[in-house]
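Subject: Handing over a structure, with notes

Dear colleague,

I am passing on to you the structure we spoke about, and my notes on it follow directly below. Please read them with the structure open beside you.

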Amino acid sequence: MTSALVIDSLDLHYGAAQALRRVSIECRPNRITAVLGRNGVGKSSTLRAITGINAISAGEISFGDETLRRSPPYKRARMGIGYVPQGREIFPLLTVRENLQTGYAGLKHSERNVPDYIFELFPVLKTMLNRRGGDLSGGQQQQLAIARALVTRPKVLVLDEPTEGIQPSIIKDIGRALQFLRDEKGMTILLVEQYLDFCREIADDIYVMDRGEIMHAGPAEDLDREDVRRHLMV
Amino acid sequence: MITQALFRALDKKAIWVVAILLVIALAVPAANLLIPPGSPGHVPNYLVTLFGKYLTYAMLALALDLVWGYCGILSLGHGAFFALGGYAMGMYLMRQIGDRGVYGDPVLPDFMVFLNYSELPWFWQGMDQFWFAMLMVVLVPGLLAFVFGWFAFRSRVTGVYLSIITQAMTYALLLAFFRNDMGFGGNNGLTDFKDILGQPITATTTRASLFAATAIALALSVFICSMIVNSKLGKVMIAVRDAESRARFLGYRVEYVKLFAFVVSAVIAGIAGALYVPQVGIINPGEFAPANSIEVVIWTAVGGRGTIIGPIIGAIIVNMGKSYFTGALPELWLFALGGLFVFVTLFLPKGIVGLIGQWRGYSEWRNRPAPPSDGAPSGEAHASDLAERGENTKTVTRAPQPKPAE
Amino acid sequence: MSKALDTMLYLNGVSVSFDGFKALNSLSIIVKPAEMLAIIGPNGAGKTTMMDIITGKTRPDAGEVYFNGRTDLTKLDEAAIANLGIGRKFQKPTVFESQSVWDNLEMALKKPRGIFSTLFYASDREDKDRILDILETVRLAGRKDDLAANLSHGQKQWLEIGMLLAQDPKLLLVDEPVAGMTDAETVETANLLREISKTRSVVVVEHDMSFVRDLDTRVTCLAEGTVLAEGSLEQVSANPTVIERYLGR
Amino acid sequence: LPAIAQDEGPIKVGILHSLSGTMAISETTLKDVMLMLVEQQNEEGGLLGRELEPVVVDIASDWPLAAEKARELLTVEDVDVVFGCWTSVCRKSVLPVFEELNGLLFYPVQYEGEESQRNVFYTGASPNQQAIPAVDYLMEEEGVERWVLAGTDYVYPQTTNKILEQYLMDNGVASEDIMINYTPFGHSDWQTIVSDIEAFGSAGKKTAVVSTINGDANVPFYRELANQGIEASDIPVVAFSVGEEELSGFDTEPLVGHLAAWNYFMSVDTPENEEFIAAWHEFIGSDDRVTNDPMEAHYIGFNLWAAAVEEAGTTDPDAIIETIVGLEVPNLTGGMAEMLPNHHITKPVLIGEIQDDGQFFVVSETDDLVPGDAWSDYLPESAMLDADWTEPVMCGNYNTETETCGGSSASAE
Amino acid sequence: MFRAPFAFRLLAAALCLLAGVFAPIAVSAQDNTSQIRELIAAMPDASLRELEEIVSSLAATGNTDVVPVLEALGEGDLYFNEETGDVVIVTRNRMYDPVTEEEIAPVGETDLSRIRVNNGLRRDIDATIGGMTLMADDPQTRISAARTMGASPDEENIPLLDEALAAETDPAVRTAMENARAVTILGMPDATLEQKRQAVPIVSRTSGGAAIVTLRSALNEDTPEELRADIESAIAGLEQERAFWQAAQNVWFGLSLGSVLLLAAIGLAITFGVMGVINMAHGEMVMLGAYTTYVVQETIRQNSPELFDYSLAIALPLAFLVTALIGVAIERGIIRWLYGRALETLLATWGLSLILQQTVRSIFGPTNRQVGNPSWMSGSFDFYGLSITYSRMWIVVFAIVVFAALLVVLNRTSLGLQMRAVTQNRRMASAMGIRTPFVDAMTFGLGSGIAGLAGVALSQIDNVSPNLGQGYIIDSFMVVVFGGVGNLWGTLVGALTLGIANKFLEPYAGAVLGKILILVFIILFIQRRPRGLFALKGRAVDA
Ligand SMILES: Nc1ncnc2c1ncn2[C@@H]1O[C@H](COP(=O)(O)OP(=O)(O)OP(=O)(O)O)[C@@H](O)[C@H]1O
Ligand SMILES: Nc1ncnc2c1ncn2[C@@H]1O[C@H](COP(=O)(O)OP(=O)(O)OP(=O)(O)O)[C@@H](O)[C@H]1O
Ligand SMILES: NC(N)=O
Ligand SMILES: [Mg+2]
Ligand SMILES: [Mg+2]
């Protein structure tokens, strides 16, 4: 297996409007791949295409030996794609515990528990297990969203702006955690992020998007290149 | 400013509707009265009354659409306003009978003589005056809507909770009007009318005039609704529909916006009811039945919610279907009607009116690759696809969605 | 109360709890006219809850909340508070999705909010220019006729900021304005807010320290519903408890 | 002349019943029986050498729709006669249409009276043909001294109870021995009322319930009676709206002995009835289906109309209205039904006890046929009214004191 | 009032007969057997009046052998052979001689006609049998005999009662007999003051309205002072007791109405409350459940009537299955296209409800179908001062069981969690690996299935007609909304509150006004609590 997740020439439409144009990304296994770009360039659309939430109009997504193009989101999740959406999308009326338990759906009975490292990473969740997800503060919800994705024991973790609304100390923890997941748990990670310093610190590969297209692909160091940065300017 | 608002009311679509209605208001009575029966072009009496009835239903549906389609208030009790307007008219017509009732009492309607009333109850006073009765047609539904809305909107009753209490309201009125002791004729209601404004109610000319009056009233309602929804207030109504609390944080008095729409709508419904009664010849508590109000919602949805023309088309088509099928397929018509509702929801999510927009978007859509055939997103994709393919105007592309578990 | 007199926003001893959980614990905060206050603090410190209280969404269990020195905000509802001149940008962007970007701004525009004044409202040149201005500022000019629903997450954030500007409030409450923005946008937003704070009072909540630094203003750090530290960013971020509980090492 | 052209086509018989909605439960059978009668008549060669053609419409338990459909039948379909309606409000809503368009309506259900219209023929019982004899029976045979008048809250029960209350008081019943109770349509929770009846009935005086409870509400009512153990021998219930069809909805074993007053029971042993039942079973294709009183009313009404058509030699409404009065046709209980000048008919009154097979056992029958009275003699405001649609009176509400024709018809002249 | 099941009475009659054989009276009885036969033989041709005379003549023989024939006559089980004129007793599965009880070879049914009776005759028979069975072996028979005497007091019964009391040891029977005796004495003009004063406490011991009536009627102008005082204080005590039990009875009525509402609403609490589908076809699911019961009972009646008492047990799982499957089909066919468009579900399900009603009307006809109560669902029993009908009691129990089961499914199983997750955020749930199509179908199926279960219960107290569901749909929505949408406990408390409130209002306001008041109450209540009784609070809701 050379690569964990490959997307190839994706096109995506919202009604008549085209949001993605021939987007291709390759996530190397055991690596953190970051996608960057300004507002509205199609980053989230790409991730939603990967998870199956948005239907694509052309292109191919493959995961290991499987092609995902026609699989519904739950099949992809069960294959091992964990998703942390932008805007958290917590189940508001479920308690924190129940929110975490929704991740059990694709697991064997023996695996139906919350790995300890999750609570080490986000201790606040442990104290709030019985509070309803919707009542949490924004940052707490973001932490819950990440934790919830980890409960599914993903092989690939797809995160959409995971640091949004999170306090600095926990951002650092998340960074360390992603590295831990990559190194110790062998996860492949695909990350959309605006927070450049964060990317620079943890990403292995970067892709830069503009207007629905990939404008640049390369190692994380490329972030300091002028031509790359220009895509991120207003 | 006001002229501008009036001008705006007659936008492209509305002006057509108003014009067509006004032409109908003249043409149909003319075709009925001037062209002799048997000649081509003659509109028989039967159809005049029938279509007069449909137009009152159209008015009711339009009234509902103002609150539901534009303001997000799903009233399941709009039939109550219609019925109250109808009763006010019915009371006037009852009093016009005078001593021609079976018991020959000059003042008391028959059912009161029979129930040993010695004098007219206070709420029947003055109803022999046309102007007063018409005032009541407007005032009673308006006032009920105002009081009901005042409390409900101030208490921030929304969504299904509001829908269900409007249903409770009409249901309670249904039961109350069924009671003989209420003084409204019990379940038989008010019937056996003789004249309206001194004209015999069954005369062809009266029928034709009533039809014309209804068409004009509907045209006026279209004009008023169009003026409202095309104004900034209309935008605020939609804002309230979609994100009520956000509108509050912008400083809009959501409860007044809703109250305004609700009262205007109730008044239109009441006038529709008042025009309905002389044309069908009876008003009875059945009009308060919750199922009737639900039907109004359905006409609106079938025609296309959140548009001016939609509810009118919906009301007329569904009722024409009902008239036709109850005669042509007396034993099967419920299958036809039920099937129509299912069909419309599945294939015309924006109603009959949306069909046109859908057609427009069709070619574009055809060139697109098919979405995944199985699986979860299809439901969503389907819904939003259709929404996208529909009108691309800025009004209502999306229906306000009450959150499921709230 | 007398202390409140020359303030724009005056919170004193405000407490609120949800099912026994104290989200705000005797919180006191003062914002002067034409002053900007940046608020930081751990997730769940009560920053958003504080804004909920100011805007009338949540009623405090105890404490005083005064606007402009005399208006007791705890007695007013959301619309009344908004009409006093308090505008808010929500943490989670909330816009009117089924209406165009333009209409969203038009509704936010500072104009009479009554039934009949909106019914008979006709936009004049001035209003249109103002909206166009704002569209430029938030970089949505190209999408003014699109439905707000079709904006991306970050674009909705911008639209909300635009709506806040359109309201032209005396006091702006801005909850995490730069979440999801690129670094360049962040800088610009800071400039924008600084500009505004010359004439208005602004309360900004953010976790992005570089942004807070760009704001270059007084900083308050909340934790567990109360003020943990106050002062310039340097002072606050040097506070060991702040480092321990918020910034991390 | 259109009349000639018309004479060549079939004679159209409008059938105006609810086939859906709440009243379908009762009215569908009436539509079926009408289809059967028309079919039978056609087998006998139709009328005036012309075939009969039934025109069925569904009024869907919606009364304004009933008016619309009546108009449609009379103008669009050009029917010669209409058989229809069950509820009084249905009749009230279509009545102006029949008056305006000069149609003929045969109304087959027992009703509250206080009406007589030129275009309508009332083939069901008026209160004096059902309620009063039933009460007489209870007073005389069962020695009832205390009365519960229970009904659904609408005009028919209210009127009937008003008449009965007056009648009972005239017969020396004290007002504290009368309990009147109304319930909404479709009432399904009878616990309180049944236990109230039981309490009312345990005052040491023989008590009976006179029930004008409407259709749907009866099943739960009788079930509650049975479950609370109110037996006919303790507190008999006599009903005016419960017939064989209603009983077929539940197990009648615990209800044996409760009563109903009608003008026809399926169990009546006459050759006509036997033939009718056999024909019905064959027509409907099931031997389990029952017959009931309104079906007989349609049977009578149809035959009266047919006889009038034969006699008048035309289906013209005016001619029929003139001819039909005084005609007699056999009813199903061994007597003759005569159309009276007030457009009501003569009927025997039968009191039956419910049997465990869902049938009634006739325990009392009036010796003579009772003529239907349009205006009750027991109500002061209508005691002096009379209806007579023959010359010279020609009036549905003729005041015998002032000798004038009141109200609508007066001015219509 | 207790109605003994029929078979049981028969047994009692048989026991009486045995008693008759061995009792001393039997010696003299032997010689009037032929007279009895003659009397019985005269029955077929007798008019109702003549039958009355025959009954009293039979009673006059004093022979307990006549009890079975009288019982049979009263029950309508006495037939005669039209050809031979022989009188026979026919019960469900056998036919025998009225006197000897010997089985008779069955003849074709058409040859038999029933001997008709009316209420008056039935009363006579009851009284007669009462007199004859006061000494029966079975205590229950003796109790009912005593009760019959108490219900129609007659001076002549006093010696019989005294005789019976002297021999009676069973305390329950003694109580009944003493009561009958006391009631009789209080009504006797020539009983002594002492006797009457002794009777007062015995009568008031039985409590209930009947005792008050007996005591009241014992009062007149010339009631002696002491007795008057006794009676008045006894009445006062009884009135107080009665007021208490009346209130308790109202609570029970309310609970049982509430449990009916609960059953009707609880399926809706799933399809509407959890899924957000404005399910106007819910009532039709209930109706389909009731029709399933009908079909099951019909099948049983045709094929194995002895299973009738199990019909509900068979119907329950079937009804659940049938309606759940239909629910799944509806969800897969229609509802699934409408998620996120809650209001459209109103339109589609309304259409469906029309279609389902008309389908049932076409298949089963528009009229009521007969669904019977199994014996364990019939009759009532007294519980202290309460009269409780079995059908209502089992419905209360059933409602609670269904509620509890649903609570467990929703809150304790992973399917329940997934159901809630899916309805709160379908896309995200799918992205978490939850098979949303499956869960949707299961949820709608569960809600529909539960509606079907409700239908089985409602078939026991209401019409089984195509309109059945229409009668409950509005109330169901009221309950769910009143309780707070999405909260199962709210539905429970809402249903019970509305039930009890209704039953407390009904006696004062009447059923119609009571219902209006309840509706007004709901409207006002929602003003106070705009999200229902068990409103969810906090950010989670308006987020
Ligand atoms: N549901 C939708 N319907 C229509 N258009 C959409 C929808 N969602 C996104 N878009 C459009 O598609 C484009 C890409 O959006 P996307 O959400 O992928 O951007 P993004 O790169 O994630 O931006 P951000 O940084 O603001 O989150 C945007 O122009 C947006 O306006
Ligand atoms: N309705 C509620 N019920 C229970 N707890 C609540 C409720 N509302 C807020 N909380 C809790 O109150 C605390 C303060 O929340 P708040 O949203 O004000 O935090 P915040 O400072 O804005 O955090 P963040 O930086 O993550 O946005 C949190 O712990 C939250 O879980
Ligand atoms: N006429 C009746 N029964 O309504
Ligand atoms: Mg994004
Ligand atoms: Mg916050």
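Sorted by class, the shell around ligand 1 consists of twelve polar, five charged and four nonpolar residues. Please keep in mind throughout that this is a predicted model. Ligand 1 lies between chains A and C, and of the 21 residues around it the ones that come nearest are A:S44, A:S45, C:N150, C:S152 and C:G154. Two helices, α1 (43–51) of chain A and α6 (153–167) of chain C, each supply at least two residues of this shell, and the largest share, four residues, comes from α1(A).

Several side chains of chain A also make polar contacts with ligand 1. The side chain of A:K43 has an N or O atom 2.8 Å from an oxygen atom of the ligand, while for the side chain of A:N39 the corresponding distance to an oxygen atom of ligand 1 is 3.1 Å. A polar side-chain atom of A:Q86 likewise lies 3.1 Å from an oxygen atom of ligand 1. Taken on its own, ligand 1 has 630 Å² of accessible area, of which the protein covers 88%.

Ligand 2 is surrounded by residues from chains A, C and E, so its site is shared between chains. There are 24 residues around ligand 2, and the closest are A:S137, A:G139, C:T48, C:T49 and E:R539. By class, this shell holds seven nonpolar, twelve polar and five charged residues.

As for the contacts of ligand 2, an N or O atom in the side chain of A:Q140 is 3.0 Å from an oxygen atom of the ligand, and an N or O atom in the side chain of C:Q91 is also 3.0 Å from an oxygen atom of ligand 2. From the backbone, a polar atom of A:G138 lies 3.5 Å from an oxygen atom of ligand 2. Of the 630 Å² of accessible area that ligand 2 has on its own, the protein covers 98%. The elements that give two or more residues to the shell around ligand 2 are α6 (138–151) of chain A, together with β2 (21–31) and α1 of chain C.

Which protein atoms are the donors of the magnesium ion (ligand 5)? They are OG1 of C:T48 and OE1 of C:Q91, which lie 1.9 to 2.2 Å from the ion. C:T48 sits in helix α1 (residues 47–54) of chain C, whereas C:Q91 sits in the loop between β6 (86–89) and α3 (101–108) of chain C, so the pair ties together parts that are 43 residues apart in sequence.

Finally, a few words on chain A as a whole. Chain A has nine helices and ten strands, and buried residues make up 64% of its 234 residues. For 234 residues, a compact globule would have a radius of gyration near 17 Å, and chain A has 17 Å, which agrees. Along the principal axes, the C-alpha atoms of chain A fill a box of roughly 45 × 35 × 35 Å.

With kind regards

Key. Residues are numbered from 1 along each chain as its sequence is written. Chains are lettered from A and ligands numbered from 1 in the order in which they are written. This is a predicted model: local features need pLDDT of at least 70, side-chain atom pairs count only at pLDDT 80 or more; totals for chains, interfaces and linings use all residues. Side-chain values use heavy atoms; hydrogens and water are left out. Donors are N, O and S atoms within 2.8 Å of the metal (3.2 Å for Na, K and Ca); water is not among the atoms, so sites may look incomplete. A residue is near a molecule or strand if one of its heavy atoms lies within 4 Å of it. A polar contact is a pair of N or O atoms within 3.5 Å; within protein, one must be able to donate a hydrogen and the other to accept it, and residues adjacent in sequence count only if both atoms are side-chain atoms. Accessible areas come from the Shrake-Rupley method with a 1.4 Å probe; for residues, only the protein chains shown count as cover. Ala, Val, Leu, Ile, Met, Phe, Trp, Tyr, Cys and Pro count as nonpolar, Asp, Glu, Lys and Arg as charged, and the others, Gly among them, as polar. The radius of gyration is taken over C-alpha atoms; the globule rule is 2.2 Å times the number of residues to the power 0.38. Buried means under 20% relative accessible area, exposed over 50%, partly exposed in between (1.4 Å probe, protein chains only).
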